[in-house]
Amino acid sequence: MLDWLADDYLRVEVSGLDNIPECGPALLIANHSGAWGLDGFVLHNLLHRELRRPVYFHASSIVFRLPPMAAYARQHGAFADDPTLGSERLADGHLVGVFPEGLNGVGKPFSQRYRLRPFSPGFAVTAMQTQVPVIPVSIVGAEETYPKLGSITSLARRFDLPYFPVTTLLPLPAKWRITVGEPVSAPAPDGFFAERSAATRQLCDEVWFTVQGMVDRDVRRRTTAFW
């Protein structure tokens, strides 16, 4: 179903896959948007299919409470309980995907679409400790597919969710564009704590600005969200 959704319904265009190594570890860092977080599943399915190698995504614990999302996540090795954001998987030579905006990305209102929330710096710590390349990824289209128009507080409390979105029942057929950028090298974790902390923050900010710039560029390229 994800293949049909990506290829025929959302008509996803993907560019820059050659920036992802054919073998060896890397951290894929993407923006997160759309009321139900559909972008995580579409991105994983496309990467897994096109790269023909495992890609392990860090997911919110909420995903594992929402079937059939939980079934898909477990089947493909998604993880939520690792504060090192997949260091062991990276050490084994795998690809790891992270959405550093977390729920703040998918929870923002439609009026603030494509304005990235601050990135959690955890991925930068992991990149520096493992010395793997950081590969920025931008996703455009998810905001219109499931626009978050509001939230129902009573239902959020009922299902123990941070929010229960007011959105369309079915996904809207917005056209998606996924762009994979050039790798960003992580600095070595040398020096005193203050120096390492500053380097972590700088890497986090650099990747944030890179992804935001990629998103802005791809949004400007389109004349309408449903072209």
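**A close look at the sheet**

Guide: Let's start where strand β5 (residues 134-140) meets strand β8 (residues 177-180): the two run antiparallel and are joined by four bridges. Helices (H or I, at least four residues) and strands (E, at least two) are DSSP runs, numbered from the N terminus, and two strands pair if DSSP finds at least two bridges between them.

Some ground rules before we go on. The model is predicted, so local features need pLDDT of at least 70 and side-chain atom pairs count only at pLDDT 80 or more, while totals for chains, interfaces and linings use all residues. Residues are numbered from 1 along each chain as its sequence is written, and side-chain values use heavy atoms, with hydrogens and water left out.

Now the whole sheet. It's open, has six strands with mixed pairing, and reads β1-β8-β5-β2-β4-β3. The edges belong to β1 (13-15) and β3 (55-57), and each has a single partner strand, so one side of each has no neighbour in the sheet. Ignoring direction, neighbouring strands here are turned against each other by 20° on average.

Helix α6 (residues 122-130) touches β2 (26-30) and β5, and its direction makes about 165° with that of β2. Helix α9 (residues 193-221) touches β2, β5 and β8, with its direction at about 30° to that of β5. Touching, or contact, means heavy atoms within 4.5 Å; axes are lines fitted to C-alpha atoms, for helices over the stretch in contact, and angles run from 0 to 180 degrees between N-to-C directions.

Zoom in on β2 next. Five of the five residues of β2 are buried, so the strand is largely enclosed by the rest of the structure. Buried means under 20% relative accessible area, exposed over 50%, and partly exposed in between (1.4 Å probe, protein chains only). In a regular strand the side chains alternate between the two faces of the sheet. For β2 both faces are covered, with A26, L28 and A30 buried on one side and L27 and I29 buried on the other.

Back to α6, one of the packing helices. Its buried residues are F123, A124, T126, A127 and M128, and they pack against β2, α4 (87-91), β5 and α9. Just past the end of α6, Q131 takes a positive phi of about 55°.

Most residues other than glycine have a negative phi, and most peptide bonds are trans. R11, in the loop between α1 and β1, has a positive phi near 50°; at 26% relative accessibility it counts as partly exposed. L85 also has a positive phi, about 55°, and sits in the loop between α3 and α4, but L85 is buried, with a relative accessible area of 10%. Then there's a cis peptide bond between P67 and P68, omega about 0°, with P68 in the loop between β3 and α3 (69-75).

A helix pair is worth a stop too. The axes of α1 (residues 2-9) and α2 (residues 38-51) come within 10 Å and cross at roughly 95°. That makes α1 roughly perpendicular to α2 (under 35 degrees is roughly parallel, over 145 roughly antiparallel, 65 to 115 roughly perpendicular, the rest oblique). L2, D3, L5, A6 and D7 of α1 meet L38, F41, V42, N45, L46 and R49 of α2.

Finally, step back to the chain, which has nine helices and eight strands. Its C-alpha trace spans about 50 × 40 × 35 Å along the principal axes, and 48% of its 227 residues are buried. Of the contacts with a separation of 6 or more, 77% link residues 24 or more positions apart.
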